[in-house]
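Please keep the sequence and the model in view while reading.

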Amino acid sequence: MTGSSRTTADLPPRQRRILFRCWHRGMREMDLILGQFADAHIDTLSDEELDQYESLMEALDRDLLKWVTGEAEVPAEFDTPIFHKVVASRHNLKY
């Protein structure tokens with residue numbers, strides 16, 4: 001998988017920006033994790049979940065990867081319901 005598999009034509013501007021950012025992180029592993037999660041869920045996330053997701057995307061890729069894989073403890077400000085949804089979704093990733 002090299003990028004988003006969904007169209008953004010039906011998405012509001014905020015969700016389009018988030019989807020783009022998810023697939024253009026800098027670290028391919030995080031592109032796949034965050035991008036595939038966004039492809040599957042971006043149109044169903046609440047405003048609060050979108051806020052949490054945008055905050056999560058502000059973290060450095062190397063830190064995010066450690067948190068998602070369990071190598072490092074997740075700081076309290078990122079230990080949100082949306083983070084747990086992302087972690088749970090990684091079992092459905094396609095490479």
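At a relative accessibility of 7%, Asp31 counts as buried, where buried means under 20% relative accessible area, exposed means over 50% and partly exposed lies in between, with a 1.4 Å probe and protein chains only. Asp31 has its place in helix α2; helices here are DSSP runs (H or I, at least four residues), as strands are (E, at least two), and they are numbered from the N terminus. The model is predicted, so local features need pLDDT of at least 70 and side-chain atom pairs count only at pLDDT 80 or more, while totals for chains, interfaces and linings use all residues. Residues are numbered from 1 along each chain as its sequence is written, and side-chain values use heavy atoms, with hydrogens and water left out.

A polar atom of the Asp31 side chain lies 2.8 Å from the backbone nitrogen of Arg25. Leaving aside neighbours within four places in sequence, Asp31 is in contact with Cys22, Trp23, His24, Arg25, Gly26 and Gln36, contact meaning heavy atoms within 4.5 Å.

## How α1 meets α2

Two packed helices are described by the angle between their axes and the distance between the axes. The axes of α1 and α2 come within 7 Å and cross at roughly 150°; such axes are lines fitted to C-alpha atoms, for helices over the stretch in contact, and the angles run from 0 to 180 degrees between N-to-C directions. The two helices α1 and α2 are therefore roughly antiparallel to each other, given that angles over 145 degrees count as roughly antiparallel, under 35 as roughly parallel, 65 to 115 as roughly perpendicular and the rest as oblique.

On the α1 side, Leu19, Cys22 and Trp23 take part in this contact, and they meet residues of α2 including Asp31, Leu32 and Gln36. The residues of the contact divide into seven nonpolar, two polar and three charged, where Ala, Val, Leu, Ile, Met, Phe, Trp, Tyr, Cys and Pro count as nonpolar, Asp, Glu, Lys and Arg as charged, and the others, Gly among them, as polar.

## Arg21 in helix α1

Arg21 is placed in helix α1 and, at 31% relative accessibility, counts as partly exposed. The C-alpha atoms of Arg21 and Met57 are 8.1 Å apart in space, although the two residues are 36 residues apart in sequence. With Glu58, the side chain of Arg21 makes a side-chain polar contact of 2.8 Å; a polar contact is a pair of N or O atoms within 3.5 Å, and within protein one must be able to donate a hydrogen and the other to accept it, while residues adjacent in sequence count only if both atoms are side-chain atoms.

## Two loop residues

Met27 is found in the loop between α1 (13-23) and α2, and is partly exposed, with a relative accessible area of 23%. Beyond residues up to four places away in sequence, Met27 touches Asp61, Arg62 and Leu65.

Leu60 lies in the loop between α3 and α4 (61-69) and, at 44% relative accessibility, counts as partly exposed. The C-alpha atoms of Leu60 and Met30 are separated by 9.8 Å, and the two residues are 30 residues apart along the chain.
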